[in-house]
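Dear colleague,

I am passing on the structure we spoke about, and below it you will find my notes on some of its side-chain pairings.

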Amino acid sequence: MKILTIDIGTGTQDIHLYDSRRDVENGFKLVIPSPTMIVHDRIREATRQRQPILLTGVMMGGGPSAWAVEGHLKAGLPVYATPAAARTLNDELEKVEKLGVELVSEDEAGRLADSVLTVEMRDLNLPAIWSAFNQFGVTLKNLAAVAVAVFDHGDAPPGTSDRQFRFDYLDGRIRAANSVVNPLSAFAYLRDDIPDIMTRLQAVAHSTRELDCPLVVMDTAPAAVLGATFDPIVASKTRNIITNVGNFHTLAFRLGKTQDGSGFVIEGLFEHHTGEINLPKLESLLRRLADGTLKNQDVFDDMGHGALMYDSSPLPYGEGTLDIVVTGPRRSMFSSKQAGGSLRPYFATPFGDMMLTGNIGLLAATADILPELAVPVLASLKGEGGKGTAPWD
């Protein structure tokens, strides 16, 4: 049985092909530029060539792609976009037009295609991934599932803070799921179960209409935190604070074990913008998450998303130190000698690979929401699958 997992971030997209016949470490993997970086580079080249551009496709991750569009406009060059693609820049299309982007219909886009550089916007390019694996003799036929992680703010109503809207969503999912063995799987959905408000997840599903197997989509940060729990050091503890330091967002979960020890509960969390914090600020937030004193306004008023505490009992630590589990592409914030940090970071490496932490989380969530796949996947995640099977078998 094979499951393809794709964790799409700002800097990279990390791809792992799980095969139940093999140890997880022997799964084939790719770490390649993220879709938003690919689009960024295409648009920057168009700007250098003084070419007008047309954005087609669907909503995708912003950041670098959006900055490149803004740079193109500032250079005095035309940008056309279909409404679906334009939502990459802002869910409110009036604001996209105020930037200087000209919205066009699909028919108008077809007529423009010969006179502009067309840039397709999408987070997931399955044909390209299929082709890359095929170049190395690996075919992706008869997959049991495809699982994809992206970050989704959600489509906030006009006048509603994106930050508050996302945190209300997180709170609702956690309160509904904190009684199950693995509440982080509440942030994963099958294609037909994606909430209407999660427009980026919906766009990923739209990009996979050719799939003949189940699609699972999930938020990136919970996927990374869930993946980190499969690091043996992390798994050995009854309570953890796991921090995913992403390129744009830093999210920390405080996790405790269920009474029977079979799973865990979410005791609290916070989410901030990575660009708004340094190590002393991050450590202060983590200490307050640990001792139960962190308040939502502490984070929201500092331009972060917010904080939630479901268990305010202090998490014990001694002599001013606390072990913090860290993952994510900006985890080096904790290892800078100049930063002056006092917490002890433990860098999670489930199955020996920090870059695939999100993929491991996707795999675990897939087992939760597709129970027919659970037995072999959970055996593999426990280190009991594929024993003695070499990559060439």
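Arg 239 is partly exposed, at a relative accessible area of 27% (partly exposed lies between buried, under 20%, and exposed, over 50%, with a 1.4 Å probe and protein chains only). This is a predicted model, in which local features need pLDDT of at least 70 and side-chain atom pairs count only at pLDDT 80 or more, while totals for chains, interfaces and linings use all residues. Residues are numbered from 1 along each chain as its sequence is written, and side-chain values use heavy atoms, with hydrogens and water left out.

The side chain of Arg 239 meets that of Glu 267 in a salt bridge, 3.0 Å from N to O (a side-chain nitrogen of Lys or Arg within 4 Å of a carboxyl oxygen of Asp or Glu). Arg 239 belongs to strand 11 (residues 239-245) and Glu 267 to strand 13 (residues 264-273), so the pair ties together parts that are 28 residues apart in sequence (strands are DSSP runs of E, at least two residues, and helices runs of H or I, at least four, numbered from the N terminus). Glu 267, for its part, is buried, with a relative accessible area of 7%.

The count of salt bridges comes to 14, and among them is the one between Arg 166 and Asp 219, whose closest N and O atoms are 2.8 Å apart. Since Arg 166 lies in helix 7 (residues 162-177) and Asp 219 in strand 10 (residues 215-219), this pair ties together parts 53 residues apart in sequence. Arg 166 is buried at 0% relative accessible area, and Asp 219 is buried at 2%.

Best wishes
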